[in-house]
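Good morning, and thank you for coming.

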Amino acid sequence: MTQTSDNVTWLTQEAYDKLKEELEHLSGPARTEIAAKIAAAREEGDLRENGGYHAAKEEQGKQELRVRQLTQLLEHAKVGEAPAESGVVAPGMVVTIAFDGDPSDTVTFLLASREYASDDIETYSPQSPLGSGVNGKKIGENAEYELPNGKLASVKILEAKPYQG
């Protein structure tokens with residue numbers, strides 16, 4: 001789980017290890033692999049019309065950006081425990097809300113940074129409008145957040161449990 005505050009990102013040991021493993025792969029074997037792709041494409045001739053070369057260079061740029069992001073994230077990371085089941089919404093928790101207090105109009109999501117985004121559950125950042133609106137609220141409380149059109153939306157916190165990944 002992650003919780004971000006003032007350039008410090010709180011991670012569980014599991015999350016830290018997973019991100020460190022990704023960084024090591026991108027900095028080592030993946031970097032060697034992309035260099036080989038670029039070299040092979042370069043040998044094909046004219047670089048101006050070499051789609052394989054340009055694609056490999058673009059992939060290299062994206063990969064290097066991710067390396068820098070991970071390096072910065074891990075430099076400022078603090079390893080801690082996942083949040084306890086306290087009934088208070090916090091990063092690392094699976095939250096169920098009801099829109100306008102209507103129990104038939106609910107959404108369940110993980111409140112976490114994008115490093116924890118999963119295909120299994122929708123993820124909202126604690127810095128997003130909804131995430132910041134519900135963060136720190138207790139089960140049963142109402143929360144408001146601003147919609148893109150400037151209007152306020154109201155939700156009721158129905159459930160908040162630690163993410164089990």
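Of the 165 residues in the protein chain, 34% are buried, where buried means under 20% relative accessible area, exposed over 50% and partly exposed in between, with a 1.4 Å probe and protein chains only. This is a predicted model, in which local features need pLDDT of at least 70 and side-chain atom pairs count only at pLDDT 80 or more, while totals for chains, interfaces and linings use all residues. Residues are numbered from 1 along each chain as its sequence is written, and side-chain values use heavy atoms, with hydrogens and water left out.

The secondary structure of the protein chain comprises four helices and eight strands; helices (H or I, at least four residues) and strands (E, at least two) are DSSP runs, numbered from the N terminus. In order from the N terminus, the elements read β-β-α-α-α-β-β-β-β-α-β-β. Taking contact to mean heavy atoms within 4.5 Å, 52% of the contacts between residues at least 6 apart in sequence join residues at least 24 apart.

Let me turn to helix α3. With 25 residues, α3 spans 36 Å from its first C-alpha to its last, close to the 36 Å expected at 1.5 Å a residue; the expected span is 1.5 Å times one less than the number of residues. Its buried residues are Y53, A56, Q63, R66, V67, L70, L73 and L74.

Which residue caps the N-terminal end of α3? The cap is N50, with a side-chain oxygen 3.3 Å from the backbone nitrogen of G52. The N50 side chain also reaches the backbone nitrogen of Y53, at 2.9 Å. Polar contacts here are pairs of N or O atoms within 3.5 Å; within protein, one atom must be able to donate a hydrogen and the other to accept it, and residues adjacent in sequence count only if both atoms are side-chain atoms. N50 itself sits in the loop between α2 (29-42) and α3 (51-75), and counts as buried because its relative accessibility is 5%. Beyond its neighbours within four places in sequence, N50 touches A41, E44 and G45.

Next, the packing of α3 against another helix. Helix α1 (residues 13-27) and α3 pack at an angle of about 145°, their axes lying 10 Å apart; axes are lines fitted to C-alpha atoms, for helices over the stretch in contact, and angles run from 0 to 180 degrees between N-to-C directions. On the α1 side the contact involves Y16, L19, K20, E22, L23, L26 and S27, and on the α3 side Q63, R66, V67, L70, T71, L73 and L74.

One of these residues, L74, is buried, since its relative accessibility is 11%. Apart from neighbours within four places in sequence, L74 contacts L11, Y16, L19, K20 and L23. L74 and L23 are 51 residues apart in sequence, yet 9.3 Å apart in space, C-alpha to C-alpha.

Finally, a residue in a strand. A160 belongs to strand β8 (residues 152-162). Is A160 buried or exposed? It is buried, because its relative accessibility is 2%. Setting aside neighbours within four places in sequence, A160 is in contact with E85, V88, V89, M93, V94, V95 and I139. From A160 to V89 the separation is 71 residues in sequence and 5.7 Å in space, C-alpha to C-alpha.
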